[in-house]
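Please look at the sequence and the structure together before reading on. The report below moves from the whole chain to single residues.

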Amino acid sequence: MYESAGAKLLPTIEDVYAIAEMIIKVKEPIESEYKLIKKDQLVFTYFHFASYEPLTHAMIESGAV
């Protein structure tokens, strides 16, 4: 149904992050996603930076918005 509505389904999370301009998540990115987030990619989610310092550093280093 998604494809018939125009969506493109990709086989891996790496493929999604590689082409997506915007990532929408309910929770903050997990550590395995840090390396996938790229410069100027918009990450729309709830961030709780005070609870996990590595997340803060990963997001700063990624250059994402």
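What follows describes the fold, the core, the surface and a few charged residues.

This is a predicted model, in which local features need pLDDT of at least 70 and side-chain atom pairs count only at pLDDT 80 or more, while totals for chains, interfaces and linings use all residues. Residues are numbered from 1 along each chain as its sequence is written, and side-chain values use heavy atoms, with hydrogens and water left out.

**The chain as a whole**

The protein chain has three helices and two strands, and these follow the pattern α-β-α-β-α when read along the sequence. Helices (H or I, at least four residues) and strands (E, at least two) are DSSP runs, numbered from the N terminus. Along its principal axes, the C-alpha trace spans about 40 × 20 × 20 Å. Of the 65 residues in the chain, 22% are buried, where buried stands for under 20% relative accessible area, exposed for over 50%, and partly exposed for values in between (1.4 Å probe, protein chains only). The chain exposes about 5,000 Å², and carbon and sulfur atoms supply 63% of that area; accessible areas come from the Shrake-Rupley method with a 1.4 Å probe, and for residues only the protein chains shown count as cover. Among contacts (heavy atoms within 4.5 Å) between residues at least 6 apart in sequence, 21% join residues at least 24 apart.

**The nonpolar core**

A nonpolar core is a set of buried Ala, Val, Leu, Ile, Met, Phe, Trp, Tyr and Cys residues joined through side-chain atoms within 4.5 Å. The largest one here has 10 residues in all, among them Tyr-17, Ile-23, Tyr-34, Ile-37, Val-43 and Met-59. Helix α3 (residues 53-62) gives the most to this core, with three residues.

Tyr-34, one of the core residues, lies in helix α2 (residues 31-34) and counts as buried because its relative accessibility is 15%. Leaving aside neighbours within four places in sequence, Tyr-34 is in contact with Pro-29, Tyr-52, Pro-54, Leu-55, Ala-58 and Met-59. The C-alpha atoms of Tyr-34 and Gly-63, which stand 29 residues apart along the chain, are separated by 11 Å. Val-43, another member of the core, is in contact with Ile-23, Pro-29, Ile-37, Ala-64 and Val-65, again leaving aside neighbours within four places in sequence.

Ser-62 is found in helix α3 and counts as buried, because its relative accessibility is 10%.

**A nonpolar patch on the surface**

Met-22, Ile-24, Leu-42, Phe-44 and Val-65 form a nonpolar patch on the surface, with about 500 Å² of accessible area together. Patches are made of residues with over 30% relative accessible area and no salt bridge, with like charges joined within 9 Å and nonpolar side chains (Val, Leu, Ile, Met, Phe, Trp, Tyr) within 5 Å. The elements that give two or more residues to the patch are β1 (22-24) and β2 (42-44). Val-65 sits in the segment after α3 and counts as exposed because its relative accessibility is 59%.

**Charged residues**

Side chains of opposite charge can pair when their charged atoms come close. A salt bridge is a side-chain nitrogen of Lys or Arg within 4 Å of a carboxyl oxygen of Asp or Glu, and a search of the whole structure finds two of them.

| Salt bridge | N to O distance |
|---|---|
| Lys-25 and Glu-33 | 3.1 Å |
| Lys-39 and Asp-40 | 3.8 Å |

Glu-33 is found in helix α2 and is buried, because its relative accessible area is 4%, whereas Lys-25 counts as partly exposed at 25% relative accessibility. The side chain of Glu-33 also makes a polar contact with the side chain of Tyr-17 (2.6 Å). A polar contact is a pair of N or O atoms within 3.5 Å; within protein, one must be able to donate a hydrogen and the other to accept it, and residues adjacent in sequence count only if both atoms are side-chain atoms.

Asp-40 lies in the loop between α2 and β2, and its relative accessible area is 54%. Most residues other than glycine have a negative phi. Asp-40, although not a glycine, has a positive phi of about 70°.
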